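The sequence and the model are shown first, and the description follows.

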Amino acid sequence: MAFRKSISQTELAQGQSDADRERHATEYQPSRGGWFKPEAKPEPGQDKDSSGGRRWGRR
């Protein structure tokens, strides 16, 4: 039986593409008690109503 060489986390991260990093990204959310995918954040300069959500306070 042979021993395997351990690979550091930085070496693993260097082998990933930017698309892979974003697809597998997680952030710790203490209110939910664990690691979850980050929620989509609005892009600066875009209308807040572009997502199709309901706008509260307006009729």
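Of the chain's 59 residues, 3% count as buried, where buried means under 20% relative accessible area, exposed means over 50%, and partly exposed lies in between, with a 1.4 Å probe and protein chains only.

The model is predicted: local features need pLDDT of at least 70, side-chain atom pairs count only at pLDDT 80 or more, and totals for chains, interfaces and linings use all residues. Residues are numbered from 1 along each chain as its sequence is written, and side-chain values use heavy atoms, with hydrogens and water left out.

The predictor's confidence in each residue is given by pLDDT, on a scale from 0 to 100. The chain has a mean pLDDT of 78, and 75% of its residues reach 70 or more. Among the elements, the lowest mean pLDDT, 83, belongs to α2, and the highest, 90, to strand β2 (residues 34-36).

The secondary structure consists of 2 helices and 2 strands, in the order α-α-β-β from the N terminus. Helices (H or I, at least four residues) and strands (E, at least two) are DSSP runs, numbered from the N terminus.

The structure contains 2 salt bridges, each being a side-chain nitrogen of Lys or Arg within 4 Å of a carboxyl oxygen of Asp or Glu.

| Salt bridge | Distance, N to O |
|---|---|
| D18 and R21 | 2.7 Å |
| R23 and D20 | 2.8 Å |

D18 and R21 both belong to helix α2 (residues 18-23), where they stand 3 residues apart, about one turn of the helix. D18 is exposed, at a relative accessible area of 61%, whereas R21 is partly exposed at 35%. R23 and D20 are also 3 residues apart in helix α2, and therefore about one helical turn separates them. R23 is partly exposed, with a relative accessible area of 49%, and D20 is partly exposed at 26%.

In strand β1 (residues 27-29) lies Q29. Is this residue, Q29, buried or exposed? Q29 counts as buried because its relative accessibility is 11%. Leaving aside residues up to four places away in sequence, Q29 touches G34, F36 and K37, a contact being heavy atoms within 4.5 Å.
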